[in-house]
Amino acid sequence: MSKAYQQAGVDIHKGYEAVQRMKKHVLRTQRPEVMNDLGSFGALFDLSGKKFDQPVLVSGTDGVGTKILLAQQAEKFDTIGIDCVAMCVNDVLAQGAEPLFFLDYLAVGLNQPETIEQIVAGVAEGCVQAGAALIGGETAEMPDLYSADEFDLAGFVVGIADKTHLLDGQQVKEGDQLIGLASSGIHSNGYSLVRKILFKDHQIAFTDQLPSGRTVIETLLEPTKIYVKEVLPWVQAGKISGISHITGGGFYENVPRMFAQQLKANIQYGSWEIPEVFTWLEELGQLSKEEMFNVFNMGIGMVLAVDTKYKEDILAAIPGSRWIGEVSALAADEEQVQIEGL
């Protein structure tokens with residue numbers, strides 16, 4: 001063991017221990033295509049069994065934003081990894097791809113193997129929910145960049161789709177119906193505003209309760225919902241025209257990303273019940289509804305555009321789904337998202 005390196009703040013043996021703690025969680029995520037074990041210099045994934053006429057790889061990378069500060073302050077580390085996976089796999093799903101494998105990057109100020117295990121266990125759980133293999137990653141101990149209790153987490157996913165099933169904005173057409181899939185809460189966007197409203201402007205405590213009785217910290221750390229297993233079969237059957245993952249920028253920024261510039265989304269305000277956390281934040285922050293829809297998912301984590309003939313089947317099959325509007329032609333000087341009745 002290098003005593004000089006330890007004196008500089010990096011404990012190699014704790015790094016070994018952290019890797020050993022990770023392995024049982026990584027094994028939960030394995031797929032038949034994974035060719036080597038955790039710990040190799042590079043991770044191997046065999047695509048020869050994937051039978052596509054025109055295979056296209058789809059990749060995505062993301063982090064968790066300032067939600068990670070709440071996990072650090074609450075010392076609750078087992079769900080933030082789910083958020084990291086969700087932000088990546090929901091994005092590649094929005095392009096019509098099946099997530100294949102995931103890698104994470106965890107930077108810490110001090111290597112605490114028990115904490116690292118909890119974080120990686122969350123990453124593994126997210127991969128299980130998405131059907132993706134956790135095939136590698138990096139844990140970096142950087143004592144001069146982060147304090148002992150600080151860390152950051154980011155991820156990278158690779159998915160695959162047949163070129164004929166890619167959702168690239170060209171499939172959505174006038175008259176398509178919009179189906180909203182319920183979110184699990186705030187997900188992983190808007191937390192800088194959330195923290196300002198709750199903790200800087202109003203001195204809300206983690207243990208305070210919302211009207212439902214849930215504590216503030218339970219509500220804020222609710223992990224992002226992963227939609228892969230519910231939505232992917234419909235994509236592969238050719239029954240979804242477009243998908244919007246409602247992340248940073250809310251409805252106004254994300255919905256137009258799934259269709260061409262000559263179309264608009266007419267979303268019916270009141271077609272779903274907005275979760276209490278959003279109405280609570282709106283009141284405390286004295287925010288307009290327009291700003292709420294421009295920052296948060298407002299209870300809809302993903303929007304599907306579908307042909308009218310598939311609408312009822314999809315609504316019946318996906319729990320928490322709601323009809324929320326339709327696609328129409330865009331007239332001059334109109335915005336691409338109209339929230340009617342707002």
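Select Asn254 first: leaving aside residues up to four places away in sequence, Asn254 touches Ser244, His245, Ile246, Thr247, Gly248 and Gly249, where contact means heavy atoms within 4.5 Å. The model is predicted, so local features need pLDDT of at least 70 and side-chain atom pairs pLDDT 80 or more, while totals for chains, interfaces and linings use all residues. Residues are numbered from 1 along each chain as its sequence is written, and side-chain values use heavy atoms, without hydrogens and water.

Asn254 is part of helix 9, residues 250–254 (helices are DSSP runs of H or I with at least four residues, strands runs of E with at least two, numbered from the N terminus). Asn254 is buried because its relative accessibility is 1% (buried is under 20% relative accessible area, exposed over 50%, partly exposed in between, with a 1.4 Å probe and protein chains only). Show the side chain: one of its polar atoms lies 3.2 Å from the backbone oxygen of Gly248.

Next, select Asn36, in the loop between helix 2 (12–27) and strand 1 (55–63). Asn36 is also buried, at 17% relative accessible area. Its side chain reaches the backbone oxygen of Gly42 at 2.9 Å and the backbone nitrogen of Leu44 at 3.0 Å.

Finally, display helix 6 (residues 191–201) and helix 10 (residues 276–285), whose axes come within 10 Å and cross at roughly 65 degrees (axes are lines fitted to C-alpha atoms over the stretch in contact, and angles run from 0 to 180 degrees between N-to-C directions). Val194, Ile197 and Leu198 of helix 6 meet Trp280, Leu281, Leu284 and Gly285 of helix 10.

Conventions: Polar contact = N/O pair within 3.5 Å; in protein donor to acceptor, adjacent residues only side chain to side chain.
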